[in-house]
Structures are given as structure tokens and as C-alpha cells.
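Subject: Model handover

Hi,

Here is the model we talked about passing on. Please load it first; my notes follow below.

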Amino acid sequence: MRETYKYTSLKIQGPPRLLIKCFFIIGGLAVFGVLLIFTYDNIKRQRYESPFYSKDYACHDTITCRNKYNSSSIEETNDNSNQTISNVAFFTSLYSDEYLKGTMLLGYTIKKHHPNHEMYLIYFKEKVSESTLCQVRAMGWKTKAIERIPPPWEGAPAIFIDQFSKLQIWSFVEFKDGIIYLDSDTIVVKRVDQLFELIKPSTGFEFAAAPDVLWGKDSNNFNAGFMLLKPDKYVYAEMMRTHKIKGSYDIGFAEQSFLNEFFRYRYLRLPETFNINLSIMDLNPHLWKMLLPDMHVVHYTEQKPFKNPNPGIYVEPYKLWNSLYEEMDKTMNLSGIESICEKTEQ
Ligand SMILES: [Mn+2]
């Protein structure tokens, strides 16, 4: 009898235990899932609660910023006004002598495709030597000393700590029809000045950039190494105010994160061929060959040929850079420029 009892009690008690276990496991998973959705939802919502879209409205273009700053001086410009070449310019930045070679080649490739455009280089007086300035001027860069804009709070990686300074380009309002900004680790392989058409007043656009490729993946953010922009003092004033709002963007990517938040709903997305990021090679080396005929600008993000001569996986991009550098050397006599400039410094 006892044994039968044991047997039956086990039989009765077994399945409920299993059910209870299952109930707890499923219940646990459900709670975890809900928490996950809740967290994700909160992260997502934070973006819309960002100060950039709050009641303390941040303006993002010439019209809204002029209204915000209560200016009555809204000039009517129309597309028939002659866009002279002096109203537009190319810009780059040089924050240390280390990037001299990059700046020289960028200048050479801009001039090769745009012989009549002006080129400006922004730099820090305390960080760039006279010899370097002399050499970039010989390449055709007009030099403009600027003040450094430091990262507004802690956390910007060392390689990006000077990058907020490039925001000053928005203050150069003499180039009212537009500026094309390029990092000094880029080269131009096809003309890009047709882009100025995209920001004529009738289009309603004032800012354009190409998507970033991050760790071999396409990104929702644009890359700030190539930008088409319209300088404006009110937009600039708003940038100077909003970039200091702590926590409103990821300081880890410095000015690029800030600009992405600032222009998130207003930027014109350019094809990636206007900013071919070296990291497409991590994604798929075949892409390089496929995109080569369409490339306008190549951006040596991950590895700079002028800092690291070993190409690693970037054989094709390095070939391109080196062949253009040789071409420049033959045309410009770089060692001649260098020796003249070194004399100037003494
Ligand atoms: Mn760069």
C-alpha cells in the first residue's frame, strides 16, 4: 500500500512541479522582455527629449536662427543672383605639423579639379610651425589662424580634442554661397564644386554630408570629414550655445556627434562616394573596386598613409594616395618648396 501510495503521490506531484518551474521561467522571461522593451523605449525616447528638440528650441538654419535671435535683417536672396567663385571656398584644418603631407596632397587634388577656387586652411598658431605654414601656402592654401574650441566636457578621446574648433567655419560669412570642408586626411579624385548648387536658397537645404561607416557597418550618422555648409552668424551663435549642453550628444565622437544631433532632421544625405571611408575595406574589399569609378573624395580614416607607410589591408587606397603624391612631387618640386621654407624659418 505504502509503495503504491508513494508511486501515486509522485505521479500526482511531478507534473505540477514542472508546470510551476515552467511558469516561473516563462514569467521571468516575460518580465525580462518587458524590462528590455521599456529600456529600449526609454533610450529611443531620450533622443526626442534631447535639448535639441526641446521647448528651449534650438534653431538649425538661417531662417529659424535669424527669427530666434530676433533679427529683422533677413536678406532676400534669389538663385538668379550671380554666384561668383569668390562667394564659395574650400576649407581644411591643420592642428599639428604631423598632417602637413596630408594637407599638401589635399590642396594639390582640390586644385587639380578646381583650379579657380579659393582654398583656406584653419590652424592654431601655437601648434603649427612657420615652415609648415610656408609649405601649405606654396601649395595655394590661404591660412587663417583660429582660436581653439575645447571639448565642452570630459570624455572626448585625445584624437578628437581639437575637432570642435572646426565649428568656426560657420562664422566665415563672407562665403555666403557655401563652403566645402574637407579633413586633411582626405583627397579629391573628381570635382565636387557642383555640390554648391544643392544649397542655393530655392532648394531649402543648407547642409549636406555623406553617411559614416563605422567598424565596417553603415551608420545612421554622417561623417564630419566632408561637409557642404552655409556659413551664418546666427546658426553659428546657436552652435556655440548648444554644443555646451552637457549630455545632449555622445562626446566620444566629439564635434561629429554634436553636428549629427544639430542637423539630424535637416541634413541632405550625399552619396557615400563623396566621402569614401577607408573602413569600407573592412566591410568588403571588393567594394573599393566597385566604387572606384564613382569616387569623388577618399577619406583615410583608419590609417593615414603619411603617418603609417605600411598599407595592411588598405593596399588599393594606399596605391591611389602614393601615386597622387608622386604626381604632386613631380609637378610641384616638394623638396624645393621645403628647402626654401626651412630657410624662411631660420
Ligand atoms: Mn578625418
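M104, L105, Y108 and T109 in α3 meet L324, Y325, M328 and M332 in α9. By class, that contact holds 7 nonpolar residues, 1 polar and no charged ones. Keep in mind that this is a predicted model.

Now the geometry of the pair. α3 covers residues 100-113 and α9 covers residues 315-332. Their axes come within 10 Å and cross at roughly 80°. An angle of 65 to 115 degrees counts as roughly perpendicular, and α3 and α9 therefore fall in that class.

Next, α9 by itself. This helix has 18 residues. From first C-alpha to last, α9 reaches 25 Å, close to the 26 Å expected at 1.5 Å a residue.

Which residues of α9 are buried? They are P317, W321, Y325 and M328. Seen down the axis of α9, these fall within an arc of 65°, so they line one face of the helix.

The face turned away from the buried side of α9 carries exposed residues: V315, K319, S323, E326 and K330.

Best wishes

Methods: Residues are numbered from 1 along each chain as its sequence is written. This is a predicted model: local features need pLDDT of at least 70, side-chain atom pairs count only at pLDDT 80 or more; totals for chains, interfaces and linings use all residues. Axes are lines fitted to C-alpha atoms, for helices over the stretch in contact, and angles run from 0 to 180 degrees between N-to-C directions. Helices (H or I, at least four residues) and strands (E, at least two) are DSSP runs, numbered from the N terminus. Angles under 35 degrees count as roughly parallel, over 145 as roughly antiparallel, 65 to 115 as roughly perpendicular and the rest as oblique. Two residues are in contact if their C-beta atoms, placed from the backbone, lie within 7 Å. Ala, Val, Leu, Ile, Met, Phe, Trp, Tyr, Cys and Pro count as nonpolar, Asp, Glu, Lys and Arg as charged, and the others, Gly among them, as polar. The expected span of a helix is 1.5 Å times one less than its number of residues. A residue is buried if 20 or more other C-beta atoms lie within 10 Å of its own, exposed if 12 or fewer, and partly exposed in between; C-beta atoms are placed from the backbone. The arc is that of the directions from the helix axis to the C-beta atoms.
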